[in-house]
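Dear colleague,

Please find the structure below, handed over for your study.

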Amino acid sequence: FPTSTYVKLWADTQRELDVMLQRERQEFLQPQEDREKVMKMLAIAYIQYLEIFRKLEEAHDHLIHQQKRAAVRQVLDGVIGRILEIKKEMVALEKSECHHMDDILMDLKRVPQDIDIPIPKYFIKENLRILQDREKYLEEILLNAGLLEQEPVTAMTLEEGIRVVQVAERARQGRARAAFMKRIYLEEKRQSQKEDQEMRKNPDDAATCIQKVWRGYRQRKETEKLREDEMVFLGMNSAEMINGTGSLPPDLEAMISLQIGAGKANVLQGEVQEREEPSFRHELRQTEGSHIKETLQDQISQCFIECRHITGRFPDYPPENTGGSKAIFIEKHPEQVAEELAAKKEAEQKEKEKNGKEEKKRPVAKKPPKVGKQIVDDSWKMGPSNFLSILEEGSSQYKVFWKNRDNRSDFLQDHDPELIKEEEREEVEDEIRVQQVDEVMQEKLLKLKQAVDGERGASHSKAGKGEKVRAASWEKGGAVSVPCPAMSLACRTIDSLYQELAEAGLLIKVKNVNLSDYIGYYDCLRNIPRQAGAQPTPSIPEVRQLVALYGILPLGSQTVHENAPLVKSLLLAGPAGVGKKMLVHAICTETGANLFNLTPSNMVGKYPGRDGLMMMFHMILKVGKELQPSVVWIGGTERLYSKGAPKGEEEMNAKRLARMLPPFLRALKPKDRVLLVGTTARPFDANPGPFFKVYQKIILIPKPDYLTRSLWKHYILRSGGALTKLVNLNCLAQVSDGFTQGHIVDVVQTVLSELRLLQMPRKPLRTAEFVTSLARHDPVYKEEEETFQ
């Protein structure tokens, strides 16, 4: 059974992860002085975690058991976060986003493709229906506003027209034959009825005969369907190709049948994965409700007695808005508070004494040491991690699964009722606490105060009043001051704000492109420059890795975004036509994010003035947080920070937009999956001070190298062209040196017009056609490329 394969993959990967956690405890917690050794250690851990990430993602995507998927998902998020933490340490050590790992890959017997960042499918899969509904709603808004043109109806080819006519004629003949056969059947039936009446056959025998035939037919059909579902689930079915032109070639028929079978298997697997878990709340209330109620009452009573023994009086019962009796177990005992305060004062006193001794022993300032001598402690130690605890918890949960269930014979992939009961038992306990226990224990506490301390209802009412005052002050303290524009948005719904932003052209439709569509290959012969002050230029695969690490992975997972190193803003810089806009759309496509377009040219005449911009940002912030993940894109972002005074109204709005970005970024918290992405083709035209303060991460996108330019074949075939010996792809790759991917795509689309595609059978393509069209574009010269350094 295929699922057992992925269960075994999960088990093997979990053992590898346990080895990695043990290694981290031994190596990463020890201070290291050799920076090269530290970098090698981090790179090895980074590569091994990526391999674990890839295996866990595959197991999570194919597992059907929902509880197992949840356990794998927890570990998967932990591994993603740990990869981001290690990447942060590597960047801090080398002061660069690009790392030379060829030697380490060779030692580990890996290829460069092994450090590609996989994109988890659950980013989209788990919210597919919501994303599809949101996309339809956005298309409807844009169509009604006249901002989206309907797709033109393409003309039908001659072959397609003949096929439609053939299908219609066969259908007509089939209906006529069915009518003819029906008349014959009815005639035979009438004849048989007459014969039965003449023979006067026993009705019981006739009924038995009909039942026998029908039951045999129904059982055969059910058996056939069960067998077909099983083969589809196993991915081993062979679908028949039914068409009017005859059978296909054997190899093509086999390939299509496998594709159809795989598609049916994926659909069936998705349906099984989405089945709802059974609920045992009613059963738990009936079987364990009384025991839970008695246990809670005993615990609360014991807490009252201990509190009076320590403080000399009974405590006030916590109000409902602070959690009721649950707050009793959350709050610390007076003894614990006293011990913590004493320990804190003792630590402060020791720190003061230590600082005083250091001041006395501090030597007089001397001349700086000679080059080569190092006085400052330069040792390295791995910082604290937010994900190791998640990984260890996932490892323990995995052991529970492997211990409680027979994973090899679990064909139905059913739920484990004990695990579901364990999760729902806390919810049942909270319900019983709120509905039954709190009211009883409040009365009991009042009686205890009256009987032991002699307190009356008045004091109790005063205490209640004090509780209300404290609760109100707590709520007031927790409130956030809201600016005036936000007050006007408080009464508006998210749908109305979403519609307004879409009609204004600020919320745009995402183009369906994946990160893998940004094509490029590793150049193993490339040497990364290590000049002083110069950053190495990343390759296309490295650009994909950085976009995935800083853009896609945090936006796709709430757990990763809240605990990983927070990146609120990202800048994509590179010459025009290298694919910056495509990468922005790829981030949104891979994560299902909304895309807000705040490009200065798109802001002309929309929300003018400072108040208008503030209102717009509040709307984007409210919609982006509510419908997260979201991406705020600013194209040509260098215009916001251009040198010199603004000359026109458009530049004035751009300057205002620049002043609004820092408060906008400060308003984003770790729980808000909102990313600011800027793109620029001329970053050197901006004032570097405020420009680089806004963007935390800067990714330089280079022009394509020879291997990337050899993708002329891909673009030509995708546009409908046919390659012959008259098209020299190597020559095109050499001639297009200095040109970008955008130039190549534009040339292919210009040459392969509709008329040229019709002429192709009698007039094959030639290399000169593409070279002539390419000569009309201006390449990226070396001087412009050097300015990006």
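A residue is called buried when its relative accessible area is under 20%, exposed when it is over 50%, and partly exposed in between, using a 1.4 Å probe and protein chains only. By that rule, buried residues make up 38% of the 789 residues in the protein chain. Please note that this is a predicted model, in which local features need pLDDT of at least 70 and side-chain atom pairs count only at pLDDT 80 or more, while totals for chains, interfaces and linings use all residues. Residues are numbered from 1 along each chain as its sequence is written, and side-chain values use heavy atoms, with hydrogens and water left out.

**The chain as a whole**

The protein chain has 30 helices and 6 strands. Helices (H or I, at least four residues) and strands (E, at least two) are DSSP runs, numbered from the N terminus. The chain exposes about 47800 Å², and carbon and sulfur atoms supply 54% of that area; accessible areas come from the Shrake-Rupley method with a 1.4 Å probe, and for residues only the protein chains shown count as cover. A contact means heavy atoms within 4.5 Å. Among contacts between residues at least 6 apart in sequence, 83% join residues at least 24 apart.

**The nonpolar cores**

In soluble globular proteins, nonpolar side chains tend to be buried together. A nonpolar core is a set of buried Ala, Val, Leu, Ile, Met, Phe, Trp, Tyr and Cys residues joined through side-chain atoms within 4.5 Å. The largest such core has 83 residues, and those with the most contacts inside it include Leu42, Tyr46, Leu572 and Val631. Helix α2 (residues 35–62) gives the largest share of this core, 15 residues. The core also draws at least three residues from each of domain 1 (3–123) and domain 2 (494–523 + 526–700); these bounds come from an automatic or database domain assignment. A second, separate core of 43 residues includes Leu571, Leu627, Leu640 and Tyr695.

**Helices**

Arginine 23 is found in helix α1 (residues 2–27). Is this residue buried or exposed? Arginine 23 counts as buried because its relative accessibility is 18%. Apart from residues up to four places away in sequence, arginine 23 touches Phe28, Met41, Ile44, Ala45 and Gln48.

The expected span of a helix is 1.5 Å times one less than its number of residues. For the 29 residues of helix α3 (residues 66–94) this gives 42 Å, and the end C-alpha atoms are 42 Å apart, which agrees. Of those 29 residues, 24 are buried, so α3 is largely enclosed by the rest of the structure. Just after α3, lysine 95 takes a positive phi of about 55 degrees. Helix α21 (residues 609–626) has 18 residues and should span 26 Å; its end C-alpha atoms are 26 Å apart, again in agreement. Among the buried residues of α21 are Gly612, Phe617, His618 and Val623.

**The sheet**

The 6 strands form an open sheet in the order β1-β3-β4-β5-β2-β6, with mixed pairing. Its edge strands, β1 (507–508) and β6 (697–700), each pair on one side only. Two strands pair if DSSP finds at least two bridges between them. Strand β4 (residues 630–635) and strand β5 (residues 674–680) pair in the parallel sense over 6 bridges, and β2 also runs parallel to β5, joined to it by 5 bridges. Glycine 678 in β5 stands opposite leucine 571 and is also the bridge partner of isoleucine 634.

How many of the 7 residues of β5 are buried? The count is 7 of the 7, so β5 is largely enclosed by the rest of the structure. In a regular strand the side chains alternate between the two faces of the sheet. Both faces of β5 are covered: Val674, Leu676, Gly678 and Thr680 are buried on one side, and Leu675, Val677 and Thr679 on the other.

**Two loop residues**

Glycine 574 lies in the loop between β2 (569–573) and α20 (580–591) and is buried, with a relative accessible area of 0%. Beyond its neighbours within four places in sequence, glycine 574 is in contact with Lys580, Thr680, Ala681, Ile701 and Phe788.

Proline 315 has its place in the loop between α10 (281–311) and α11 (326–330). The C-alpha atoms of proline 315 and lysine 449 are separated by 9.4 Å, although the two are 134 residues apart along the chain.

With kind regards
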